[in-house]
Amino acid sequence: MRIFDAHFHITDYDYDIKGNNGYMPPSFTAHDYQQQSTKLNIAGGAIVSGSFQGYDQQYLVNALQTLGEHYCGVTQLPATTTDEEIVNLHKQGVRALRFNVQRGGSEDLSQLAYFAQRVYDLVGWHSELYIDSTKLPQIMSTIEQLPAVSIDHLGLSEAGIKHLLSLVDKGVHVKATGFGRVDLDVVKTMQSIYNINPDALMFGTDLPSTRAPRPFQEQDIELVKQSFDDTACEKIFWQNAMDFYKLSK
């Protein structure tokens with residue numbers, strides 16, 4: 001079964017890398033990703049900018065050029081970014097804006113309502129939140145008013161699942177990623193999300209799983225296959241993300 005890897009990172013020291021809380025990530029280039037992902041039947045994916053990249057776009061553009069068709073970028077930008085710059089990034093394959101609440105390095109959440117709506121209206125991008133679901137109540141009303149939002153890593157915490165599921169019921173998408181960094185029942189959470197909205201769940205490897213207590217393993221793919229039927233797997237592994245990132249032909 002083909003996979004669209006909805007969440008992975010590239011760390012290329014040919015470009016600007018910033019430490020986060022004193023931590024510098026290991027190198028993981030686009031070529032490294034290609035080597036590790038080939039045997040996984042990955043046929044596309046989303047490169048997600050992390051705290052280490054800040055607002056640097058050159059690494060992302062280069063990685064997209066290397067990986068090619070069916071790959072897109074998720075970037076971090078300041079709210080002061082011009083329309084021209086956003087349109088240019090869109091032409092180079094960027095398809096989403098990220099707010100990294102958990103680690104920092106992105107625009108402040110105070111700009112979420114304005115900036116998320118602006119990039120959607122301008123180029124059709126959705127916005128992605130790396131946030132612990134226990135913090136969702138603080139911004140629930142804002143998220144509910146936005147046209148397109150996804151949340152990383154199943155929301156991270158069991159304690160906030162009810163808030164996450166409430167947003168799924170209102171159209172928010174969720175990434176089934178980072179199984180080794182979450183504090184929840186992965187299968188139960190995925191099934192709850194799928195039962196509310198079959199279009200919401202998107203699988204990703206989270207490679208190279210920087211700072212995760214347990215890195216991605218091939219068994220993570222098997223776990224999804226064992227937990228859902230073939231129709232659901234086609235949506236979770238491929239179609240949902242292709243539609244959300246607007247890459248479907």
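Reader: Where does Asn41 lie?

Author: In this predicted model, Asn41 sits in the loop between helix H1 (30-37) and strand S2 (42-48).

Reader: Why is Asn41 called partly exposed?

Author: Its relative accessibility is 41%. Buried means under 20% and exposed means over 50%. The value for Asn41 falls in between, so Asn41 counts as partly exposed.

Reader: What does Asn41 contact, leaving aside its neighbours within four places in sequence?

Author: Met1, Arg2 and Ile3.

Reader: What makes the pair Asn41 and Met1 a polar contact?

Author: A polar atom of the Asn41 side chain lies 2.9 Å from the backbone oxygen of Met1. The cut-off for a pair of N or O atoms is 3.5 Å.

Reader: Which residues of H3 and H4 meet?

Author: From H3, Asp83, Ile86, Val87 and His90; from H4, Phe115, Arg118, Val119, Leu122 and Val123. They divide into six nonpolar, one polar and two charged.

Reader: How do the axes of H8 and H9 cross?

Author: Helix H8 (residues 218-227) and helix H9 (residues 230-244) cross at roughly 145°, with axes that come within 8 Å. Ile221, Val224 and Lys225 of H8 make the contact with Cys233, Ile236 and Phe237 of H9.

Reader: How many residues of that contact are nonpolar, and how many are charged?

Author: Five are nonpolar and one is charged.

Technical notes:
Residues are numbered from 1 along each chain as its sequence is written. This is a predicted model: local features need pLDDT of at least 70, side-chain atom pairs count only at pLDDT 80 or more; totals for chains, interfaces and linings use all residues. Side-chain values use heavy atoms; hydrogens and water are left out. Axes are lines fitted to C-alpha atoms, for helices over the stretch in contact, and angles run from 0 to 180 degrees between N-to-C directions. Helices (H or I, at least four residues) and strands (E, at least two) are DSSP runs, numbered from the N terminus. Contact means heavy atoms within 4.5 Å. Ala, Val, Leu, Ile, Met, Phe, Trp, Tyr, Cys and Pro count as nonpolar, Asp, Glu, Lys and Arg as charged, and the others, Gly among them, as polar. Buried means under 20% relative accessible area, exposed over 50%, partly exposed in between (1.4 Å probe, protein chains only). A polar contact is a pair of N or O atoms within 3.5 Å; within protein, one must be able to donate a hydrogen and the other to accept it, and residues adjacent in sequence count only if both atoms are side-chain atoms.
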